[in-house]
Amino acid sequence: MALSFGAATTDVATSTSAGLQLANGAASLVTVWLKPTTLTAGRCALGFGTAGRLEVHTTTSELVVQHYQFTAPNHRQVTSGLGMVVDEWVFLSFYIPTFNCTNMKVWAGRADTPPVEVTT
C-alpha cells in the first residue's frame, strides 16, 4: 500500500517492529519503495526502531541513514550516487549490522533497473 506524505514536516511512517530493533549480535535488512513528492533537506522519509531514520540530505538527491548501534549511538551515514528525483519510484534496501558501522550496505533500484549497491 502506498502512503503519501509531504504536506507537513510531521508526516512520517514509523515501524516499531521488534525486527527493526537491532538486538545484541543481530542485523537488519530494511527494504522500502519511495516516491518523493518533495526533496527538502531534513525531511524524514522513514523512521525505524527507536533511533533509526532515513532523511533527505542537504544534497537533496541523497539520503542520510541514521541508526543506533552499541558502538556508535545515532550513527549517521550519507548515500552517494543515489540520485533521487521528485515523482520517481526508487527501491531501497539497507543492511544494518549491530556492531560494525562501516559494514552498512545500501542498494537502490528503479522500476526498470535492478538494485545496485550505493556508496555510503
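Start by selecting E55: at 12% relative accessibility this residue counts as buried. You are looking at a predicted model, so treat each stop as a feature of that prediction.

**Stop 1: E55 and R76**

Now show the surface. R76 counts as partly exposed, at 44% relative accessibility, whereas E55, at 12%, counts as buried because the cut-off for that label is under 20%.

**Stop 2: the open sheet**

Next, select β2, β7, β8 and β9. They make up an open sheet of 4 strands in the order β2-β7-β8-β9, and the pairing is antiparallel. Which strands stand at the edges? They are β2 (27-34) and β9 (113-118); each has a single partner strand, so one side of each is left without a neighbour in the sheet. Look along the sheet as well: on average, neighbouring strands are turned by 15 degrees against each other, direction ignored.

**Stop 3: β8 beside β9**

Zoom in on β8 (residues 105-110) and β9, which pair in the antiparallel sense over 4 bridges. As a reminder of what holds such a pair, strands of a sheet pair through backbone hydrogen bonds. Pick R110 and look across to β9, where its bridge partner is T113.

**Stop 4: R110 and E88**

Stay on R110 and bring up its side chain. Which residue does R110 meet in a salt bridge? The partner is E88, and the closest N and O atoms are 3.0 Å apart. E88 lies in the loop between β6 and β7 (90-97) and R110 in strand β8, so the pair ties together parts that are 22 residues apart in sequence. Are the two buried or partly exposed? R110 is buried, with a relative accessible area of 17%, while E88 is partly exposed, with 29%.

**Stop 5: K105 and E117**

Finally, select K105 and E117. Their side chains meet in a salt bridge, at 3.8 Å from N to O. K105 counts as partly exposed, at 32% relative accessibility.

Technical notes:
Residues are numbered from 1 along each chain as its sequence is written. This is a predicted model: local features need pLDDT of at least 70, side-chain atom pairs count only at pLDDT 80 or more; totals for chains, interfaces and linings use all residues. Side-chain values use heavy atoms; hydrogens and water are left out. Two strands pair if DSSP finds at least two bridges between them. Helices (H or I, at least four residues) and strands (E, at least two) are DSSP runs, numbered from the N terminus. Axes are lines fitted to C-alpha atoms, for helices over the stretch in contact, and angles run from 0 to 180 degrees between N-to-C directions. Buried means under 20% relative accessible area, exposed over 50%, partly exposed in between (1.4 Å probe, protein chains only). A salt bridge is a side-chain nitrogen of Lys or Arg within 4 Å of a carboxyl oxygen of Asp or Glu.
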